[in-house]
Amino acid sequence: MAFSYWESTEWLEGHDLIVIGGGIVGLSAALQAKKMRPKWKVAVVERDPFGGGGSTKNAGFACFGSTQELMHDRMQIGDKSALALLKKRIDGLKLLRMTLGDASIGYRPCGSLEIVRKHSTFHAPTSAYLKGINEWAASATGTAETFQSATADHLVGIAEDAIEGAVFSPLEGAIDTGKMMRSMRQRVQEAGVDLLFGLEVIATETDLAGHRIHIKRSGPSGAEDSRWIQVPHLIIATNAFAQDLLPECDVKPQKNRVLVTEPIKNLQFDKTVHMDAGYLYVRNIADRMLIGGGRHWKLRNNEVLEKALLEVLHTLWPQTKNASLDSKWTGVLGIGLSREPIVARVQSGCVAAVKMGGMGVAIGMQIGQDSVALLLSD
Ligand SMILES: Cc1cc2nc3c(=O)[nH]c(=O)nc-3n(C[C@H](O)[C@H](O)[C@H](O)COP(=O)(O)OP(=O)(O)OC[C@H]3O[C@@H](n4cnc5c(N)ncnc54)[C@H](O)[C@@H]3O)c2cc1C
């Protein structure tokens, strides 16, 4: 489908900045760029009508890491860097809530549980372990009680005989992912950014005149049109798919399966839950239950994976046993050797902001802003 004269002159020419990727990071970067450079013509180029990455497919945890995930970060990147990463997630969540407003993102301050399942390979937390992690986290979270031993009140709705231990954090919550992304897009459009959805960037090039991106639009019956666009500034926010344009980047796509039940009568549960060091997650969405993850089981077949996820759900939340499934989907995480996102200069005038891992809701908006700060510091 050929670009018309009008499409070309109005939307495909004269940009000061193009952001590739319309997820939370790309939209946040575009919004921040407009704030810092109001006269710039800014566009976000996105290949999928809704966004094809994690931002519209995630579980909606407003989370900064369970104790097991934080301990893993500390061992992998050291106490200081892990604390800085935790602070970035906390700040990112605050930024998201402040920018869009709790009502617009459907934020619920429901708290989170970290559950150790019976017969799993994970261990129940001791009070010394909680004391140690609370002391370490306090300067980032602003409280001495980031994590607490869960009480019976926190565990209402859960089969207590199926768990070995549980930790509660009052600081985490849940959002409505759809509302959050709708609100982000509205905010970006109000700021005057062009949202060019349905265009794929198939290559980028840099020469003395700046950057060039090769865009492609696919139309009915395989008809397509493509062209090169010249632009002085570029931000690549394609997360899991970063290696398509930046082959050297330490990011790999990793599939994640999510299941949501039909409504459950008198559902007794209202929290977000992490299990198995964050590999498994469960929450309610009003009167439905969502479960996802399980990539540590390394099950390639979706049917087998779903069966294993449902077994966990039914064992821990007996009320879900007779509920059929309403929705199931697969999203793609961008992961690398560590959980630290990449914000890096690729060339002068070109920055990459990718590898959000499983906590991009918390950190994504902050990373978008960081990418603009780096771009403008050229
Ligand atoms: C199933 C699942 C559950 C998750 N649950 C949570 C959670 O509960 N809490 C949490 O904090 N995080 C969660 N995450 C992670 C979180 O969703 C991501 O970290 C975050 O959305 C990443 O945002 P992003 O903007 O970097 O990337 P994305 O949202 O992945 O956006 C990248 C965009 O780039 C586009 N793109 C890629 N290549 C091109 C190209 N060549 N041309 C044009 N466009 C391109 C893609 O279509 C995509 O829309 C989850 C992720 C998944 C998959």
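Two strands pair if DSSP finds at least two bridges between them; strands (E, at least two residues) are DSSP runs, numbered from the N terminus. This is a predicted model, in which local features need pLDDT of at least 70, side-chain atom pairs count only at pLDDT 80 or more, and totals for chains, interfaces and linings use all residues. Residues are numbered from 1 along each chain as its sequence is written.

Select residues 272–275, strand E14, together with residues 280–285 of E15. E14 and E15 pair in the antiparallel sense over four bridges.

Isoleucine 285 has arginine 288 as its bridge partner in E16. This hairpin has two residues between its strands, and alanine 286 in the turn has a positive phi of about 50 degrees.

Stay on E15: five of its six residues are buried (20 or more other C-beta atoms within 10 Å of the residue's own, C-beta atoms being placed from the backbone).

Next, select Ala30, Ile235 and Ala353, which touch the most other members of the largest nonpolar core, a set of 99 residues. Such a core consists of buried Ala, Val, Leu, Ile, Met, Phe, Trp, Tyr and Cys residues joined through C-beta atoms within 7 Å. Domain 1 (5–49 + 179–247 + 338–376) and domain 2 (61–175 + 252–335) both contribute residues, so this core lies between them; the bounds come from an automatic or database domain assignment.

Note on methods:
Buried ≥ 20, exposed ≤ 12 C-beta atoms within 10 Å, placed from the backbone.
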